[in-house]
Amino acid sequence: MKRKINRYMLVLATTAISIALVTLSMVYYGSFCDQVLGDLSTTCRLLVEVYNAGNGEQDVSSAGESVKEMRVTLIERDGSVIFDSDVEAGQMENHLAREEIQKALADGEGSSIRHSDTLSRDTYYYAVLLNDGRVLRVSRDAISLWQFLLSAVPMVLALLVVLLFLSAILTRHPT
């Protein structure tokens with residue numbers, strides 16, 4: 001009987017620990033997403049100030065080239081791309097249907113996250129409507145939720161083993 005109770009306690013401990021670890025990982029990932037979008041917002045607002053204070057497109061293109069890990073795109077009100085820091089603007093499709101562009105045109109700013117199955121990454125976008133009716137958008141690639149969880153697996157498994165070991169000791173030796 002005691003062995004059966006110990007087994008049930010280990011199963012209960014394993015389940016509780018696993019649920020807690022997955023939940024904490026998802027909460028942490030949510031905070032990570034908020035941080036990435038916050039960073040994009042700050043960068044985009046700084047570029048908007050550069051655009052509004054200077055030579056417009058020329059200042060954004062030179063600033064966009066210096067922002068290393070982010071992509072900067074300047075978009076006309078009709079969705080055509082004027083400048084992109086990664087790709088020749090003429091080769092790009094119309095961006096009018098993009099969620100963040102629609103939000104920026106309607107509300108002054110917008111953001112979205114899209115997943116690339118090809119790259120197994122998420123791309124975070126933040127866009128702001130400029131004074132002249134154009135939209136300035138910054139974007140950045142980051143790991144997806146699944147990559148995040150997979151990268152945490154070794155640590156989670158190690159923690160699970162330690163906690164199960166402690167649980168097994170405590171269930172065998174009552175206080």
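Student: How far can the model be trusted, and what is its average pLDDT?
Tutor: This is a predicted model, in which local features need pLDDT of at least 70 and side-chain atom pairs count only at pLDDT 80 or more, while totals for chains, interfaces and linings use all residues. Residues are numbered from 1 along each chain as its sequence is written, and side-chain values use heavy atoms, without hydrogens and water. pLDDT is the predictor's confidence in each residue, from 0 to 100. Of the residues, 86% score at least 70, and the average for the protein is 83.

Student: Which element of the protein has the lowest mean pLDDT?
Tutor: The highest mean, 96, belongs to helix α3, residues 99-107. Where pLDDT is low, the predicted coordinates should not be read in detail. The lowest mean, 63, belongs to residues 57-66, which form helix α2.

Student: What pattern does the protein follow along the sequence?
Tutor: The protein has four helices and five strands. Read along the sequence, they give α-α-β-β-α-β-β-β-α.

Student: Which residue in the turn between β1 and β2 has a positive phi?
Tutor: Strands β1 (residues 71-75) and β2 (residues 81-84) are antiparallel, with three bridges, and Leu74 stands opposite Phe83 in β2. The two strands form a hairpin with five residues between them. The turn residue with a positive phi, about 100 degrees, is Gly79.

Student: How many bridges join β4 to β5?
Tutor: β4 and β5 form a hairpin with five residues between the strands, where Gly133 has a positive phi near 95 degrees. Tyr126 stands opposite Val138 in β5. β4 and β5 run antiparallel, and the bridges between them number nine.

Student: Why does Arg134 count as buried?
Tutor: Arg134 lies in the loop between β4 (121-129) and β5 (135-143). Its side chain makes a polar contact (N or O atoms within 3.5 Å, one able to donate a hydrogen and the other to accept it; for residues adjacent in sequence, only if both are side-chain atoms) with the side chain of Glu76, at 3.1 Å. Buried means under 20% relative accessible area with a 1.4 Å probe and protein chains only, exposed over 50%, and partly exposed in between. Arg134 counts as buried because its relative accessibility is 18%.

Student: With which side chain does the side chain of Thr73 make a polar contact?
Tutor: Thr73 is in strand β1 and counts as buried because its relative accessibility is 0%. For the protein of 175 residues, 38% count as buried. At 2.6 Å, the polar contact of the Thr73 side chain is with the side chain of Asp84.

Student: Which element gives the largest share of the lining of the largest pocket?
Tutor: The largest pocket holds about 160 Å³ of space, and its lining includes Ser18, Leu21, Val153 and Leu160. α1 (2-53) and α4 (145-172) are the elements that give two or more residues to that lining. By class, the lining has eight nonpolar, two polar and no charged residues. The largest share, six residues, comes from α4.

Student: What counts as a pocket?
Tutor: On a 1 Å grid over the protein atoms alone, points must take a 1.4 Å probe, and lining residues have an atom within 4 Å of a point. A pocket is an open set of such points with protein on both sides within 12 Å along at least five of seven lines.

How values were computed:
Points joined across faces, edges and corners; volume = space filled by probe spheres on them. Nonpolar A, V, L, I, M, F, W, Y, C, P; charged D, E, K, R; others polar. Pairing = 2+ DSSP bridges.
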